[in-house]
Each structure stands twice: as C-alpha cells, then as structure tokens.
Amino acid sequence: MNMRSRLMALTVRRITDITIEGEVFRVREPTAGDVQAFVAAREADARGAMASLMAACMVDEDGEPFLTDEDALAIADVPRLATPIVDALTTAMGAQKKG
C-alpha cells in the first residue's frame, strides 16, 4: 500500500461505542464542518451548539444519525446522558481532558 493510500485510509471517521445506563450507543467522529459549526454557534447558544453536534454525531448501527435536534436538546439537559457523549466527542476531536 502506498503512502497516499495509507493516509486516505485514515480519513474514515472513527465510531466509538459508549455505554449509558447499561445501553450501548455509537458516537461518530465529527467532521471539520461539524466542529466549525459548533464553534461558530457555541458563543450565542452553547446548549444548542452541543445539541447540534450530538445530533450530527450520534449514529445507529448503519452509521446514520438518528437524533433530531429536539431529541439532542433534551439529552443536552441531562448531564448523566450528555457527559459521556461530550467526553466521546472531545476525545474524537483529539482534545485531552484536563486534570
């Protein structure tokens, strides 16, 4: 496999399984566009920005998003649900948790 092929193989978005209250869910790595939209929206509406990112990145067994924006807003309001999702998204974006 040549260098280009090896690099292009890395462009497949990672999917991480997370467990919330005994149920397994899937979080797909955000795209640069997802991150850009989140950053642009978070100052005006941090809750809405996070909900939109969750809606874009929570995927079903086929790798397709399944949450509506309204679903994601409801999840964003419940820390025991939102925290593991946010942690997975933060890790997927390459950010390190402090402390």
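This text describes how helix α3 packs against helices α2 and α4 in a predicted model.

Helix α2 covers residues 32–42, and helix α3 covers residues 46–57. The axes of α2 and α3 come within 8 Å and cross at roughly 165°. Angles over 145 degrees count as roughly antiparallel, and α2 and α3 are therefore roughly antiparallel to each other. Their crossing is right-handed. On the α2 side, the contact is made by Asp-34, Phe-38, Ala-41 and Arg-42. On the α3 side, Ala-46, Ala-49, Met-50, Leu-53, Ala-56 and Cys-57 take part. By residue class, this contact of α2 with α3 divides into 8 nonpolar and 2 charged residues, with no polar ones.

The contact of α3 with α4 comes next. Helix α4 spans residues 69–76 and packs against α3 at an angle of about 120°, with the two axes 8 Å apart. Angles of 65 to 115 degrees count as roughly perpendicular and those over 145 as roughly antiparallel; α3 and α4 are therefore oblique to each other. The crossing of α3 and α4 is right-handed. Helix α3 contributes Arg-47, Gly-48, Ala-51, Ser-52, Met-54 and Ala-55 to this contact. These residues meet Asp-69, Ala-72, Leu-73, Ile-75 and Ala-76 in α4. The residues of the contact of α3 with α4 comprise 7 nonpolar, 2 polar and 2 charged.

Definitions and conventions. Residues numbered from 1 in each chain as written. Predicted model: local features only at pLDDT ≥ 70, side-chain atom pairs only at ≥ 80, totals over all residues. Heavy atoms only, no water. Axes fitted to C-alpha atoms, helices over the stretch in contact; angles between N-to-C directions. Helix = DSSP H or I, 4+ residues; strand = E, 2+ residues; numbered from the N terminus. Parallel < 35°, antiparallel > 145°, perpendicular 65-115°, else oblique. Left-handed = near helix turned anticlockwise from the far one by under 90°. Contact = heavy atoms within 4.5 Å. Nonpolar A, V, L, I, M, F, W, Y, C, P; charged D, E, K, R; others polar.
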